[in-house]
Amino acid sequence: MNLTTASRTFQLLTRILDVRTPTEPFLPTAAEKPAIPLGDVQQPFPRATPESQGVSSRHIQAFLEELDRGRDLYTQDVMILRHGNVLCEAAYGSQDLRAAKYTFSACKSVTSLAIGLLVDDGLLSVQELVADIFEEAGSTSLHRRLKGMTVEDLLTMRSGALFTEAEALTESDWVRRFLSATLKSEPGTEFAYNSLNTYMLSAIVRLKSGKGLTEFLRERLFDPMGITDVHWETCPKGIEKGGWGLYIRPEDLAKLGQLVMDGGVWHGKRLLSQEYLTAATTAHAQPPAETGGFNYGYQIWVGRHENTFLFNGMLGQNVLGFRDSGIIVLTNAGADTDFQESRYFEIVSRYFGGTFPDQLPEDTAAQEELASAVRSLSAYSRETEPIGSSATPFLNRSFSAQDDRAASTGLLPLSLQALYNNYTAGVTSVAVSVKGDLPELIYREADAVYRLPIGLGKPAVSQLDFRGNVFQVAALGRFTHDEEERPVFYIRLDFIETPCVRIIKLVLDGDRMLLRQTETPGVPYVSGKLSQAAQSTLYRPLLLVAAGGTEEDYLLFKTLQVLSPEIVCKES
């Protein structure tokens, strides 16, 4: 991290941690996420009974129920396939499998497939020097600085470059900053996970093909495989981020996992060479043991102890392929994990890591029980409840924020505000009205008004536009009382295209209302990250000044201030 970037990062962190003022973004805010419709996929996989593919329906039901019991896993949806057939698909709570999901780092594996296409076309070699690709003719300085860095070093997270995602939040020219960054280690020698390696692969796709990553993949993979409504965020210079930022429907992402499983063949047609995929799913680097039980190939994780491959994104976005049995398990989740530390991997290996017969006798009773279990996991299987008398204390009343901390409190989860460089101007008032047969939350910020129908019993889904970034939001609420018998309106907002959840509690307390907010992933995850940063010689001084301290209890306190505010409001 150079001095300029360190200064900018410090300033941004300071602004976020100051709860008395709105966070001023360092770079201009730009709309990055369009509205993506809920819809069915094209070229869907065939559906088959589990028994016809050698897997017991009761076995799958037990797996789904164990994930449901594991509250720390925050499972959102699951798809289980064998030999290209969907055996089961389930969405938990307010989630919807028709939504395009934010994949985080799982899309690194998709970027790798684009590199494979360039290699197949003879436009690129994985041994090609990065300096040869980006350096201007006649210049030698980049060659000296990059010290022989190859495309394969980018693919295997062994570039040694120090320019990371956190620093990219305050920079506009990521290619230039990456190429000018200090090297922590000699290229090709040390594994260091860094999403900007993948971003550089995206930039290479653009240079070599003359097309952006999305357009290139649309022509070569997405259109032939019926993958639609894909959105990939771009950097300030318009290059797809590559290592994160991809929205894609779960079944469409599973198709790309199936393409890897089948050696590059889709519906009998070869789209990608077996040679590249063999190299991509061979271990080239060994990550630290604390990341989990996988080594690293070409942007694809490779099982250390099982014959598996994995597309893996933080918080639980996974496509896990068991090569010996032909089973693929896809999950989306919102767990507090970065890699494969979650016990989910022990669970899924226990259920699907063994051998399976080609076929089992059909078990109609077990299949019906599995279908019933899948329905019960979804909140949409419930009936809408009427607005009862317990709602009366809240209806047609408006409360204005009377608290300095309101300046940094917004409806959009802070994790999404930071991800989109799109910070709230601060809540000014909250009201509850009735629209149709549902209560409606009217949440006013200094520069916007958000109106959400709140489902009772069954979620209500609507689109919310945050300065041009449009999210599908499933809202589910209930009117209740707290331990002091004060009326409470509890509202859960699932941003169903992401792992993020906003919890709002409106608590009536005499002539005032308390607005309490939390989010997941939230306090445990963020405070843990800050505590980890406080142990780093690189970030500790920055965090000391920006946060005002680095003790674990103090960082937890600061995180609670930011992520779990309680705002005092007076009736207006």
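Biologist: How do the residues of the lining of the largest cavity divide into nonpolar, polar and charged?

Modeller: Keep in mind that this is a predicted model. Rolling a probe the size of a water molecule over the atoms shows where empty space is left. Around the largest cavity, the lining has eight nonpolar, eight polar and two charged residues. The space inside is about 130 Å³. Of its 18 lining residues, Ser408, Thr409, Leu414, Gln417 and Val562 are the closest to the centre. Helix H15 (414–419), strand S22 (512–520) and helix H18 (552–563) each give two or more residues to this lining.

Biologist: How many cavities of 30 Å³ or more are there?

Modeller: The count is three. The second largest cavity has a volume of about 100 Å³. Its lining includes Leu73, Thr75, Asn318, Ala333 and Tyr344. Strand S12 (327–333) and helix H13 (344–352) are the elements that give two or more residues here. By class, the lining of the second largest cavity has six nonpolar residues, six polar and no charged.

Biologist: What volume does the second largest pocket have, and which residues are closest to its centre?

Modeller: A pocket is an open set of points, whereas the probe cannot get out of a cavity. The second largest pocket has a volume of about 690 Å³. It is lined by 26 residues, and Arg71, Tyr92, Gly93, Ser94 and Arg492 are the closest to its centre. Among the elements that supply at least two lining residues are helix H2 (57–69) and strand S20 (487–495). The lining of this pocket divides into nine nonpolar, eleven polar and six charged residues.

Biologist: At what angle do the axes of helix H3 and helix H9 cross?

Modeller: For a helix pair, read the angle, then the handedness, then the contact. The axes of H3 (residues 108–120) and H9 (residues 195–209) come within 10 Å and cross at roughly 35°. The crossing is left-handed. Among the residues in contact are Ala114, Ile115 and Leu118 of H3, with Leu201, Ile204 and Val205 of H9. By class, this contact has six nonpolar, five polar and two charged residues.

Technical notes
Residues are numbered from 1 along each chain as its sequence is written. This is a predicted model: local features need pLDDT of at least 70, side-chain atom pairs count only at pLDDT 80 or more; totals for chains, interfaces and linings use all residues. Side-chain values use heavy atoms; hydrogens and water are left out. On a 1 Å grid over the protein atoms alone, a cavity is a set of points where a 1.4 Å probe fits but cannot get out, and a pocket is an open set with protein on both sides within 12 Å along at least five of seven lines; lining residues have an atom within 4 Å of a point. Grid points are joined across faces, edges and corners, and a volume is the space filled by probe spheres set on the points. Helices (H or I, at least four residues) and strands (E, at least two) are DSSP runs, numbered from the N terminus. Ala, Val, Leu, Ile, Met, Phe, Trp, Tyr, Cys and Pro count as nonpolar, Asp, Glu, Lys and Arg as charged, and the others, Gly among them, as polar. Axes are lines fitted to C-alpha atoms, for helices over the stretch in contact, and angles run from 0 to 180 degrees between N-to-C directions. A crossing is left-handed if the near helix is turned anticlockwise from the far one by less than a right angle, and right-handed if clockwise. Contact means heavy atoms within 4.5 Å.
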